[in-house]
Amino acid sequence: MTRSSPAWLLIAFFIAFVGVGFRYWQLPYAQAPLPDSLYGPGLVAIAVVALMARAFGLARFWKVWLLIAAAVPVAVLIRIIVDTTAEAASHNLWPLELVIAAALGLACSLAGTLLGSLFLLRSSKRPG
C-alpha cells in the first residue's frame, strides 16, 4: 500500500471518528449538550489526525481538511440515530446539532491541516 493510497485516508477518518465519538457516545443524554460535550480530547484528536494526514502527504489540503472534519458530524449523527431509536423525542433540534458539530470539526481540522501543510512544505513528500 503506497502513501497516496485512499485506504490511508479512510484509516485516518476512522481514527478521527472513534477519537471524537468514543467519549461523546458514553455520556448520558442529559450531560451531552453541544458544543460543550465535544470539547476536549476528541477535538484534539481531529486536529492531530488532520495534521498527521497532511504532514505525511496522504492527500491534498482540501481533501484532508474536509474528510477529517466530517468525522465530527458523523459521530454526532450516529448518536442521534441511536438515541432516537430508544426515545423518538430526544433530539428535536438535530439539524442544529449537526451544524454545530460540522463547525467544530471544520475549525479543528483546519488548524491541524494548516499545521500539517507547514510540515509538508519542509519535506519532499508533497502529493502530485
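Q: What is the expected span of a helix, and how does α4 compare?
A: The expected span is 1.5 Å times one less than the number of residues. This is a predicted model. In it, helix α4 covers residues 71-86, which makes 16 residues. From first C-alpha to last, α4 reaches 23 Å, close to the 22 Å expected.

Q: Which residues of α4 are buried?
A: Buried means under 20% relative accessible area. In α4 that picks out A71, V72, P73, A75, V76, R79, I80 and D83.

Q: What covers the buried residues of α4?
A: The cover includes four helices: α1 (6-26), α2 (41-55), α3 (61-69) and α5 (94-121).

Q: At what angle do α3 and α4 pack, and how far apart are their axes?
A: The angle is about 20°, and the axes are 4 Å apart. Angles under 35 degrees count as roughly parallel, so α3 and α4 are roughly parallel to each other. On the α3 side, L67, I68 and A69 make the contact; on the α4 side, A71, V72 and P73 do.

Q: How many residues of each class does the contact of α3 with α4 have?
A: Six are nonpolar. None is polar and none is charged.

Q: Which residues have the most contacts inside the largest nonpolar core?
A: The general idea comes first. In soluble globular proteins, nonpolar side chains tend to be buried together. Here the largest nonpolar core has 28 residues. V20, L38, L43, I46, I68, V72 and V76 have the most contacts inside it.

Q: Which helix gives the most to this core?
A: α1 does, with seven residues. Each of α1, α2, α3, α4 and α5 supplies at least two.

Q: What does V76 touch?
A: Read a contact as heavy atoms within 4.5 Å. Leaving aside residues up to four places away in sequence, V76 touches Y24, L34, L38, E97, L98 and A101.

Q: Where is S90, and is S90 buried or exposed?
A: S90 sits in the loop between α4 and α5. Its relative accessibility is 7%, so S90 counts as buried. With residues up to four places away in sequence not counted, S90 touches Y29, D83 and T84.

Q: Is L10 buried or exposed?
A: Exposed means over 50% relative accessible area. L10, in helix α1, has 56% relative accessibility and therefore counts as exposed.

Q: What separates the C-alpha atoms of L10 and I68?
A: The separation is 9.3 Å, although L10 and I68 are 58 residues apart along the chain. I68 is also one of the α3 residues that contact α4.

How values were computed:
Residues numbered from 1 in each chain as written. Predicted model: local features only at pLDDT ≥ 70, side-chain atom pairs only at ≥ 80, totals over all residues. Heavy atoms only, no water. Buried < 20%, exposed > 50% of the residue type's maximum accessible area, 1.4 Å probe, protein only. Axes fitted to C-alpha atoms, helices over the stretch in contact; angles between N-to-C directions. Parallel < 35°, antiparallel > 145°, perpendicular 65-115°, else oblique. Nonpolar A, V, L, I, M, F, W, Y, C, P; charged D, E, K, R; others polar. Core = buried A, V, L, I, M, F, W, Y, C linked by side-chain atoms within 4.5 Å.
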